[in-house]
Amino acid sequence: MTKFIQTIIIGLEYGCVYSLIAMGMVLVYRTTGVLNIAHGGIGVLAGFVAWDLDTLRGWPYYPAILVGILVAVVAGLLFERFVVRRLASPALATVATLALFLLLQGLVFVVPWWGNTWGQVFNSPFANKKVSIPGADYSVSWDQLILFGSVLAFFAGLYFVLRRTRVGLAMRAVSDDPTAARLMGIRQKLVAPVVWGLAFGISGVTTMLLAPILLLDNTSLTAFTLKALTVTFVGGLISLPLTVLGAMALSMLEVSTQLYMPNVRGLSDAWPFIILIVVLVARFARGTKALEDTAVAPA
Amino acid sequence: MNRRTLLRGFGLTVLTAFVLTMPYDMKWAGSSFALDYGVIIGMVVLSVSVLGWIGEFTLAVVAQMGFGLVVVNLCQDAGLPFLVILPVVIVSSIPISVLLGVFALRLRGVYFAIATLAFGYMAQKTFFQTYLGVQGGFGGTESKAVSRPAGFTGSESFYYLLMGSLLLMALLCWGVSRSRIGTSLTALRESEAAFSVLGHSPGAYKILTICLSGAIATVAGAYFGMLQGLVPSNYFQPALAILYFGFAVAGGMGSVAGACFAGILFGALPKYFDSLSEGKLVGYDQFFIGVVALGLVLWAPGGFADIGRRVWRRLEGSPPAAPTVSTFEIDVRDATAAAAEEGLATVEAP
Amino acid sequence: MSPRREIFSDDARRRAARLMAERGRMPAANGGNGHTRNGHGRMLVLDRDKLARFEPARQRLAGQLTDGLLPARKRHLAKRDILTVEDLAIHFGGVHALDGVNLTARTAEIAGVIGPNGAGKTTFFNCLSGLLTPDRGQITFDGHRLNGSPATRGRHGLGRTFQTPRLFGSLSVLQNLAFGSRTADSARREYVFDPSLRRLPHDERGARIARMVGYRGDLDAPAGSLPFGDLRTVELARALCGAPSLLMLDEPASGLDVSQAEDFVDLLRSLSDLGLSILLIEHDMSLVMGICDHITVLDFGQVIAEGTPADIQRNELVIEAYLGRAD
């Protein structure tokens, strides 16, 4: 029973990680057409800034993470203003995010006082507080609960904003046809920074939620980004509910195989790609028709 | 003799001299191993860049390199001489390329790239780990050794073999791009629908290009094994392929010279960084590459090839070329956008 | 007058004579500024200046005929069905873009496909070309079932232009045209409208066909640099280079000005008279009614009417589809 609860909790945890990164990518993609590969990387930067302030310089926790998130938001605004806006197409911007990803991975090492190591411990004030689950020899930490709650809130918020508010509508219009949107009076110069600042800020928040649970580090970044990419494809880069579903499914599969079938080597690592192949086969079988389906799919 | 011819002659001479003496010129920065590594990465980047001709990009190159390694190992175990091994490696790459080509017929843009990534990953987890054993590798504990051909065992001499091979590959690619096949590929890239409706088969050209790319990557892998002497089985990380794709874009997707240049530069640079800083600057190379790539995207989206062309025109005194829309923009949006452009998606009008 | 007379072939001269007779003028017998009588016995003065105004048109006509760009004689071919579409249907998501469409096209005829926006016309063409796979339906082309890839259908003689011209921008006009010619050669196809084209090398063939469709620009210019009207013309030329037996044109006259459209109509009529079958999507009603032998009207993916232009103009359903109904 404990094992089962453990599976669920850890599965949820990783599922939340993947969903947060994936949702951030889907947000940016649906509103700008750019696949933001650097999404996870920005969060790590924010995390290291916060850690720097909190652990190295003794700042209190909440201001430190706030500054970290602010750094991420500002980075988003700057990136939009000086890079994305200058580029002719979303494809180029995607390559720019790839470059940014490399840059950020290296940045953590380049800053000399960040220890030049792979990872740091960064605890939240709730470090040792837990909630035990009745009937099982396992407990959920407050950090984890906050993570779960945040993901739910974030999902609901994003869904609402994109579908129900005028801002969300404006974002989607700009993504579909920037020129027509401008003619309709939507000021792209206002919408784009909001999108990028928001997306990068969300990445910052993600890391702040994760750092107490996992290490604040760089190495898992690539793996998480790749898995989040897989998950976004489950949702076709468009559908938020499918993305979250995919994230949860992936993490559950990974964790269950790790805990229940530890002898089958490599299976838990293979799940992202098995899911990818399933998604691809589904599209493959539908051939060109699939293209039209997504073209008329509701946003 | 006008200025242009003089300039070209001069440039060619300087380039040839540099290429011929590079291992010795760069001794101050580190051993020739770095250069050898760079040349091999140049081959890999060339194989990625070649796919720009059909407007796609592949992330399976790392797996294809691995296959090259395996084939070389098998051939050397069977005692085949080097001159026989090379053609065998090339021919063995064809079935895999054809398989990837089948994917390319139905999938576009990011979906095709993801399919190649999945393929690479599957190959690593199933094929390589079975062949090499999970802890094993080439030259590792469960050693499957791969050795360099006789006469080229030193780093410098191996460089000449590598550089010669790279130049041959580059020449072949350049020749293809200038031939009628190249014209057809340009047409295919600009409008696949028009191309096919006119009675030409896009599939054949796509598979041809993928086979070319695959052959280059597989040979690169064979050389890689010979260079390293030790390759662990978990080397074949699919994520590495994304890095090589980045290099290809930096060089100018579809440009032969740009790909070679970018590959050699970004391949050798980290190694030189390492030897120059005596191992203290970890991660600096990634940072540097990221900065360079960002700069390129902003100011020279055509990559090094674009810069090279512009600089050369300036030197030659020719008027600057009219700005053309880059036809190498790989549509990273899902294939919907591409289909809509081709008039296949009926989101609006009849 | 005599230097100019030399460039006229017999046919051209006879045609010019007929034109002039229609306009009430008789050609001067001895070339002088003479007086002559028309069929009713009225005296006509042969006005040189007024005649001079006909000159450019006469030159153009003569040039076309004597250069052999279009064979001078109209070939009277027996008309036969070349394309039969039965019950074609395709849907995207919940939208039935085509729902049981039937159509027949015949050789030496111009068939029009019209309908309000969103009716499914381009989708129809895409299904015929093979770019889309329909849910059901049968297409018979030239006696065979049509179900191959777009390239196969192109090689069998199905030519096509697109709503927005899709030329290969970085290649020159001649290189674009060569793609069509190469297919015609490898598929060993005859040029329905001018069999002599087959013997020419690609460059010359392309140049001839380009001149025939009225392209007057540089053949070596990159196609991406051409003005819009020329894009359409070159795309048409490229399709014709492929030696099609059925030519599908998707809004070919949109974006052309009045005189360009007139020239275009002349060209289509001539090609059709020479045996080429043409399927036309167009929004310009006067053009459609003026040029088409047979019209099919689509609305919401279904055929709501078909027949001659006169039938269509009177059809209540068609009027309703275009203008709506006063409820």
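**A closer look at β9 of chain C**

Modeller: Strand β9 of chain C, residues 246-250, is mostly covered, with five of its five residues buried. Keep in mind that this is a predicted model. The cover on β9(C) comes from both faces: Leu246(C), Met248(C) and Asp250(C) are buried on one side, and Leu247(C) and Leu249(C) are buried on the other.

Now for the neighbours. Strands in a sheet pair through backbone hydrogen bonds, in either a parallel or an antiparallel way. Strand β8 of chain C, residues 158-160, pairs with β9(C) in the parallel sense, over three bridges. To find that pairing on screen, look for Arg160(C), whose bridge partner in β9(C) is Met248(C). β9(C) is also joined to strand β10 of chain C, residues 277-281, by five bridges, and these two run parallel.

Elsewhere in chain C you'll find an antiparallel open sheet of four strands, in the order β4-β3-β6-β7. Its edge strands are β4 (95-106) and β7 (144-145) of chain C, each pairing on one side only. Inside that sheet, β3 (residues 81-92) and β6 (residues 136-141) of chain C run antiparallel and are joined by five bridges; Ala89(C) stands opposite Arg136(C) in β6(C). Helix α4 of chain C, residues 121-129, lies across β3, β4 and β6 of chain C, at about 65 degrees to β4(C).

There's a helix pair to look at as well. The axes of α6 (residues 173-186) and α7 (residues 202-212) of chain C come within 9 Å and cross at roughly 105 degrees. That makes α6(C) roughly perpendicular to α7(C). By class, their contact has six nonpolar, three polar and two charged residues. Among the residues that meet there are Leu174(C) and Leu177(C) from α6(C), and Arg205(C) and Ile209(C) from α7(C).

Stepping back, the secondary structure of chain C comes to 12 helices and 12 strands. Of the chain's 327 residues, 39% are buried. And among contacts in chain C between residues at least 6 apart in sequence, 68% join residues at least 24 apart.

Methods. Residues numbered from 1 in each chain as written. Chains lettered and ligands numbered in written order. Predicted model: local features only at pLDDT ≥ 70, side-chain atom pairs only at ≥ 80, totals over all residues. Axes fitted to C-alpha atoms, helices over the stretch in contact; angles between N-to-C directions. Parallel < 35°, antiparallel > 145°, perpendicular 65-115°, else oblique. Contact = placed C-beta atoms within 7 Å. Nonpolar A, V, L, I, M, F, W, Y, C, P; charged D, E, K, R; others polar. Buried ≥ 20, exposed ≤ 12 C-beta atoms within 10 Å, placed from the backbone. Pairing = 2+ DSSP bridges.
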